[in-house]
Amino acid sequence: MEEIKPSHKAFWAVTKALKTEGYTPIPPLKKPDNSVAIDDAEIAECLADSIETQCSHASPPHDIAHISRIEEEVLQKTSLEPKDDLAPVSLSEVQTLVKSLNTRKAPGLDGISNKAIKCFSIPLFSLLVAIFNACIKNCYFPPAWKEAEVIGIHKPGKPRDLPASYRPISLLSGLGKLFEKILKTRLSDHLLGKGLIIDEQFGFHPAHSCPQQVLRLVEYVSEGFETERSTVAVFFDVAKAFDRIWHAGLIYKLYSLQVPDRLIITIQNYLANRHFTFRHERTHSTRRLIRAGVPQGSTLSSAVLRVQTMYRDRRRLASNSRYSRTIPRSFTEVGSTRFTLSSSRGPLTS
């Protein structure tokens, strides 16, 4: 221990291990009707009820006319035959993705671990390539890959006896997550190739890391001190950001960004008819339908969440240098603000 310096990556691994709390079982939970869930089956159902409520649209809708218009337009567009083709999946692409898999990740309901996938033979990889290409051709995401086993992670500082105090983490099929990475690569290639991701957007943007964004923030503040000018930062945390993504709004946004039709319809199929069961100890809840949102733990989820919060108008962003804000209406049914920072040098976004 004494020989480990802060510059060594093992230093941070040891620090995290020392700070991490040991396993604490979920205590009896308070239900909305003030009754208490005590045994494992009741707790599993209680948490599943909470997640099902979270992964639903806001009620009542704030703008019914807007929602209806968007949903009708999306329905009309997705009913048409896709015109654009996507780059086919190659054997080398799949092999490269498999090499990067984290073997410590838990498997989904199919029980196929990343460690097992890494041991696949060439004929099995070739079969995967054929399956992935067939899925892209038919704009199809297999239902078996949309089944999630959800576990709850306690949110620090929240009361342990409330269902909402547990963050749902979806354990998904490793094969499905491989296909998600393939879709994510094609989505990223389109956005970057068309120059749709501005320099100020750091999320979902290669070569734009958190330390660089922190450095920019420090520079903004430092410049304010040097020029005796105020720098104001306003940070917004979107509640239930993953859980309440409005599916039709997301698809509409992808069309507005001119993402290839085939990729959009495949992503729509990925979002539709997803189900989950909650696992508590050795007990599972009943199977539930996800009506909104994207699963936390999914490879593609972070990408589509960032797409929802992207700036589309570079000129509007640049011209409003003293105070910049974005309220992407299609983020959820009601719309949500991400965060803003204003200074004499213009907006800082993430």
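## Terms and basis of the model

Two strands are said to pair if DSSP finds at least two bridges between them, and the strands themselves are DSSP runs (E, at least two residues) numbered from the N terminus. The structure is a predicted model, in which local features need pLDDT of at least 70 and side-chain atom pairs count only at pLDDT 80 or more, while totals for chains, interfaces and linings use all residues. Residues are numbered from 1 along each chain as its sequence is written, and side-chain values use heavy atoms, with hydrogens and water left out.

## Strand 6 and its partners

Strand 8 (residues 288-290) pairs with strand 6 in the antiparallel sense over three bridges, with Arg288 as the bridge partner of Phe276.

## The hairpin with strand 7

Strand 7 (residues 283-284) runs antiparallel to strand 6 and is joined to it by two bridges; here Arg279 has His284 as its bridge partner. Two residues lie between the strands of this hairpin, in which Glu281 takes a positive phi near 55°.

## Confidence

The average pLDDT (the predictor's confidence in each residue, from 0 to 100) is 82 for the protein, and 80% of the residues score at least 70. Over residues 313-347, however, pLDDT stays under 50. Where pLDDT is low, the predicted coordinates should not be read in detail.

Conventions: Helix = DSSP H or I, 4+ residues; strand = E, 2+ residues; numbered from the N terminus. Contact = heavy atoms within 4.5 Å.
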